[in-house]
Amino acid sequence: MKISLNWLKEYCNLPVSFKELAEQMTMLGIEIESIEEPGKEIENIFVGKILDIQQHPQADKLVVCKTDIGKGEPLQIICGAKNMKVGDKVPTAIDGATLPGGFKITRRKMRGIESFGMMCSGAELKVEEDSEGLLILHPDMPIGEDIKKVLGLDDIIFEIEITPNRGDWASYIGLARELSAYYNVPLTLPKIEFIEEEKTVSSVSSVTIECPDYCPRYSGRVIQNVRISSSPDWLARKLMSAGQRPINNIVDITNFVLLETGHPLHAFDLDKLNENRIVVRLAKDGEEIRTLDGELRTLNSNQMIIADAIKPQALAGIMGGADSEVDNGTVNVFLESAYFDPVSIRRTARHHNLLTEAAQHFQRGADLEMVVWALNRATALIQELAGGEVLKGVLDEYPKKIERKTVKLRYKRTEKRTGVDIDKNFQKSTMTKLGFTIKDENEEEVFFTVPSWRHDVSLEEDLIEEIARFYGYDKIPNTIPKIRQSGAVFDTTFKKTHRIRELLVHKGFTECYSWTFSNPDIMKQLKFSEDYLNMVFLQNPLSKNLSTLRTTIIPNLLTTAQKNHLEDTLSVFEIGPVFIPDVKNLLPNEPQKIGILISGIAHPRLWCYDRRQYDFFDLKGVIEDILNELQITYRVQRLEFPLFHSGQSMRITNQNDELGIVGKISPKIAHELEINENTYISELNLEKIFKIISKKKLYKTISEFPSTSRDLSILVKRTLPVSDIFISLKSIGEGILQKIELFDVYTGEQVPKDKKSVALGFTFCSEERTLTDSEIDAVMKQIIEKLQKQFDAQIR
Amino acid sequence: MIEELEQIKESALQKIKESDSTDFLEQIRVEFLGKKGKITEVLKKLGSLSPEERPKIGNIANEIKNIITNNIQQQYQVVLEKEFQKKIEQEQIDITLPGRTYGNGHMHVINQVMNEITSIFIQMGFQVASGPEVETEYYNFESLNTPEDHPARDVHDTFYIKPGVVLRTHTSPVQMRVMEKTKPPVAVIVPGRVYRVDNDASHSPMFNQMEGLLVDEDITFADLKGTLMYFVHNFFGKDTAVRFRPHYFPFTEPSAEMDISCTVCKGKGCRVCKQSGWLEILGCGMVHPKVFQYAGYDNEKYQGYAFGFGIDRMAMLKFAIPSINLLFENNIKFLEQF
């Protein structure tokens with residue numbers, strides 16, 4: 001909302017500079033978005049009167065004017081505009097003047113004739129967005145007057161933001177009321193004076209309220225024989241300072257009173273109302289109205305309308321109807337001022353997506369006791385500016401009295417809540433300055449009646465906030481509380497997740513962070529199974545691409561790979577939730593997952609490294625390290641997963657429960673996505689992993705006795721999984737076989753085609769003694785026999 | 001025989017003198033002093049001498065043996081030293097070549113900041129809590145004193161999932177979930193993703209917030225100010241100014257917004273702070289009695305504060321990141337900067 005400081009000062013005399021005022025408004029909770037000083041740079045521009053216009057002898061498009069600026073001889077000014085005539089008053093910049101933006105005007109020759117200044121357009125003075133020709137001023141403007149003064153440019157415009165609880169601030173009087181209370185200066189309301197006719201309003205019109213819950217109060221006046229014209233300069237300028245466009249005097253007055261009081265008014269053309277009367281009622285289902293914006297709107301029975309005897313004439317509190325609009329032919333006006341239920345206004349406005357200025361005021365709660373005052377204020381202005389006869393009396397239907405609330409304040413409570421001892425008298429006077437009245441009081445407490453404009457106050461805490469605001473949040477001390485816990489624990493995975501994050505970062509991985517949205521079409525394209533397509537859908541997504549919540553992090557990783565496809569090497573991961581609908585619950589499950597992707601060359605491109613590409617085992621090793629760090633036992637199995645290369649993918653399980661998957665991207669999909677074919681991806685379910693009770697780490701004795709190693713190289717069937725060898729040797733060695741290393745696997749020319757050579761290193765050690773060769777030989781013999789028997793192994 | 005020994009001695013010393021490797025010295029030792037060495041050969045002939053001559057020649061032979069041994073030892077030290085020198089000369093490298101490294105990894109800047117912030121609050125005695133991102137309207141709005149027709153819902157452009165279910169628009173619903181699980185005292189912080197229907201240069205439909213909630217018998221507004229001041233001074237530095245302005249949130253009363261002095265211009269006024277010198281970073285206040293009512297807490301006995309702020313914004317301020325969208329684009333050239 002734009003607030004002109006000059007206008008604000010009409011209601012209260014603020015004893016501070018605009019900078020101090022802005023600071024203080026901020027500290028009272030009135031947020032200042034920006035401060036504009038429209039005339040800041042304008043200098044030496046005056047009201048000038050054109051005395052003469054002659055064609056420039058050397059230029060078709062220019063004229064030579066004589067302009068009187070009230071000082072000395074009239075100035076000779078060359079001008080390119082066409083919209084002025086002799087006698088017009090225009091803004092005239094003299095030699096040495098400055099325009100907005102710091103643009104300097106100096107005397108100069110134009111096509112041989114000297115020009116001693118410049119006559120300005122509205123755009124040049126930044127009072128209009130764009131202009132055709134000069135700004136023609138009102139004929140009453142005194143010649144020689146500073147243009148800043150006559151155009152109201154010697155003003156400060158605050159752009160303020162008002163929180164939803166303080167609808168009462170969204171008006172000049174509301175703001176002035178707050179500031180006059182703070183600065184302890186009187187609030188000056190305009191005098192309302194007009195003459196009423198003998199004829200009564202009830203003789204020509206009437207108001208009926210059929211829905212008092214929606215409209216507790218409705219008042220109106222009738223003004224006959226008004227003269228519709230444009231508004232006078234002062235009114236037009238005030239509306240423009242608020243960013244509004246003047247329309248005609250009647251409409252402008254209702255808009256002006258809205259700005260002044262915060263109370264939306266509406267003027268109907270009385271003669272266009274059937275039977276000249278007003279019925280406030282709920283619409284019938286399917287009833288229609290064409291609103292002022294030209295839209296034909298279909299109504300339902302929850303929506304309040306202002307109707308005449310037959311049909312809707314306004315969407316109550318939101319927008320008038322086109323059929324009863326005040327136009328240049330209007331003679332008799334019905335002026336409405338009402339109080340509408342905020343919730344009903346909000347619902348209807350949202351339904352029609354029509355959050356008008358009026359709707360915004362009503363949905364925050366208008367001032368019930370301001371209804372007639374605002375009506376009379378507008379009436380007086382209409383009589384003053386549009387003439388007309390005001391019929392006697394107000395049609396004031398008030399079927400549902402709303403009582404003012406009473407709220408108790410315990411003085412001690414203020415200290416208990418704020419932590420600072422605020423003087424009793426300060427507490428009490430703050431509230432009374434703000435318009436609260438004392439209903440009852442004793443030493444410890446006071447009962448306040450809440451003013452009609454303060455819909456936000458209903459609890460003691462609300463009063464404490466008022467006192468704290470006026471005391472100053474900055475004067476409340478800063479203390480460090482003693483922090484206690486009840487003993488309840490609310491999260492057990494935050495730290496564990498962070499440990500995995502750190503582990504991967506230490507391994508050289510870079511962490512990604514994606515939006516958790518997904519697109520089912522892309523999931524299908526990536527060949528994800530039906531399980532993954534059971535997704536949480538958004539009702540109002542930003543786009544098709546962001547229409548569901550993800551069920552896997554893998555598509556995010558692939559997008560990252562696509563975006564960074566020019567990198568030689570990529571090793572990234574992301575940790576976050578996925579969303580799995582749960583038919584048994586309202587809310588989906590949100591397990592945390594980790595996705596890891598490696599792609600391209602295994603080492604940075606550096607003088608000391610070869611250009612080896614990443615392979616499956618680079619990623620498998622990372623997964624093993626994570627699971628080992630968490631002390632989790634697991635098994636691996638081959639996996640069929642259409643996104644992955646069928647020969648290079650696996651599932652990781654614990655007690656037959658799938659913990660995650662690892663695989664090479666299928667060449668087809670890598671080709672389609674235009675990413676490196678050597679891309680390996682894994683996804684682990686951290687929720688499942690964290691649930692597994694890991695082995696506790698306990699100290700193991702470090703043997704004082706030397707260990708001995710033996711190597712063994714065997715030929716086995718090429719298709720034999722090496723893990724089978726390890727499983728078969730698991731229980732062998734009578735406690736002295738400490739470690740088996742797989743130090744070579746070879747297929748190729750040196751061995752038969754259907755065989756592979758596997759080289760194993762065995763480490764033997766005892767905690768009690770130095771082992772003898774014969775002991776070790778005995779175990780090696782057992783090992784060899786077992787391998788021969790089980791796998792038909794040949795010793796090399 | 002003496003002559004023979006003297007000749008052996010001369011020849012040995014000459015060879016020792018000329019030797020230039022430890023291996024060669026070892027050969028010399030074997031040639032002269034070994035079991036089959038020249039001296040041993042001479043000594044074997046001692047038997048053919050007269051008993052008077054034997055000790056005399058024997059002594060001379062031993063003397064020569066000692067001289068050769070000493071010489072070998074001395075020369076050994078000299079040669080060894082030379083060999084070391086040579087080794088060092090041969091093993092010169094260009095120490096300016098870059099080291100063998102895989103490079104460091106990079107934690108996402110949001111998580112770096114989230115971790116730093118949680119550590120500060122954990123030190124003070126808070127614990128981390130979490131809650132679902134797909135949330136009921138009850139927890140996201142209603143129980144936080146924001147009923148369906150409340151104008152405050154306008155500022156939360158909400159993603160809807162189905163009737164009564166939304167993507168949480170803030171981390172505040174976790175306040176209620178925590179309070180339902182325990183009686184006071186409660187001291188939690190809640191980092192997490194939140195969602196709003198908004199996507200432009202300065203808004204992302206998904207972003208991150210940190211919620212704080214402290215409830216006990218005597219927690220005051222002054223405590224709220226002190227806690228947040230402590231946090232700001234730890235996170236942004238001691239020279240950061242802090243101010244609290246009255247504001248409005250449905251779930252706190254009194255409510256405030258906290259500003260810090262602009263991290264770019266230090267409060268002088270610049271483009272980032274729109275010339276005000278201040279940056280708005282956080283909303284807070286004393287927990288609203290209606291919220292306690294929903295939680296089943298006695299408003300007469302207990303009181304507390306709550307606050308919430310954007311983690312992404314903190315990261316952007318701390319690292320001078322110009323646009324929130326950079327945070328979620330996963331451009332490696334961005335991620336590797338932090």
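## A walk through chains A and B

Let's start with chain A, where the domain assignment gives domain 1 (2–37 + 156–183), domain 2 (43–150), domain 3 (196–397), domain 4 (406–474), domain 5 (494–691) and domain 6 (708–795); such bounds come from an automatic or database domain assignment. What you're looking at is a predicted model, in which local features need pLDDT of at least 70 and side-chain atom pairs count only at pLDDT 80 or more, while totals for chains, interfaces and linings use all residues. Residues are numbered from 1 along each chain as its sequence is written, and chains are lettered from A and ligands numbered from 1 in the order in which they are written. In chain A, 61 Å separates the C-alpha centres of domain 3 and domain 5.

Chain B is divided into domain 1 (2–90) and domain 2 (109–335), and their C-alpha centres lie 89 Å apart. The C-alpha trace of chain B spans about 130 × 45 × 45 Å along its principal axes. Its radius of gyration is 43 Å, whereas a compact globule of 338 residues would have one near 20 Å. (That radius is taken over C-alpha atoms, and the globule rule is 2.2 Å times the number of residues to the power 0.38.) Chain B holds eleven helices and ten strands; these are DSSP runs numbered from the N terminus, with helices being H or I of at least four residues and strands being E of at least two. Of its 338 residues, 44% count as buried. Buried here means that 20 or more other C-beta atoms lie within 10 Å of the residue's own, exposed means 12 or fewer, and partly exposed is in between, with C-beta atoms placed from the backbone.

Now zoom in on strand 8 of chain B, residues 252–261. Ten of its ten residues are buried, so the strand is largely enclosed by the rest of the structure. In a regular strand the side chains alternate between the two faces of the sheet. Here both faces are covered: B:Thr252, B:Pro254, B:Ala256, B:Met258 and B:Ile260 are buried on one side, and B:Glu253, B:Ser255, B:Glu257, B:Asp259 and B:Ser261 on the other.

Seven bridges join it to strand 7 (residues 242–249) of chain B, and the two run antiparallel; strands count as paired if DSSP finds at least two bridges between them. B:Pro246 has B:Ala256 as its bridge partner, and two residues sit between strand 7 and strand 8 in the hairpin they form. Strand 9 (residues 278–287) is joined to strand 8 by eight bridges, again antiparallel, with B:Thr252 standing opposite B:Val287. In the loop between strand 8 and strand 9 you'll find B:Lys274, which has a positive phi of about 50° although it is not a glycine. Most residues other than glycine have a negative phi, and most peptide bonds are trans. B:Lys274 counts as partly exposed because it has 15 C-beta neighbours inside 10 Å.

Next, follow chain B to the loop between helix 10 (311–319) and helix 11 (332–335), where B:Leu327 is found. B:Leu327 is buried, with 22 other C-beta atoms within 10 Å. Not counting residues up to four places away in sequence, B:Leu327 touches A:Tyr513, B:Val109, B:Ile110 and B:Asp312; contact means that the C-beta atoms, placed from the backbone, lie within 7 Å. That loop between helix 10 and helix 11 also contains B:Asn330, another non-glycine with a positive phi, about 55°. B:Asn330 counts as buried, with 23 C-beta neighbours inside 10 Å.

What about the contact between the chains? It takes 77 residues from chain A and 77 residues from chain B. Several elements of chain A each supply at least two residues to the side that touches chain B, including helix 2 (18–28), helix 13 (494–506) and helix 16 (554–563). That side of chain A divides into 37 nonpolar, 23 polar and 17 charged residues. (Ala, Val, Leu, Ile, Met, Phe, Trp, Tyr, Cys and Pro count as nonpolar, Asp, Glu, Lys and Arg as charged, and the others, Gly among them, as polar.)

Finally, take a look at helix 16 of chain A. Seven of its ten residues are buried, so it is largely enclosed by the rest of the structure. Among these buried residues are A:Ile554, A:Leu557 and A:Ala561.

Methods
Two residues are in contact if their C-beta atoms, placed from the backbone, lie within 7 Å.
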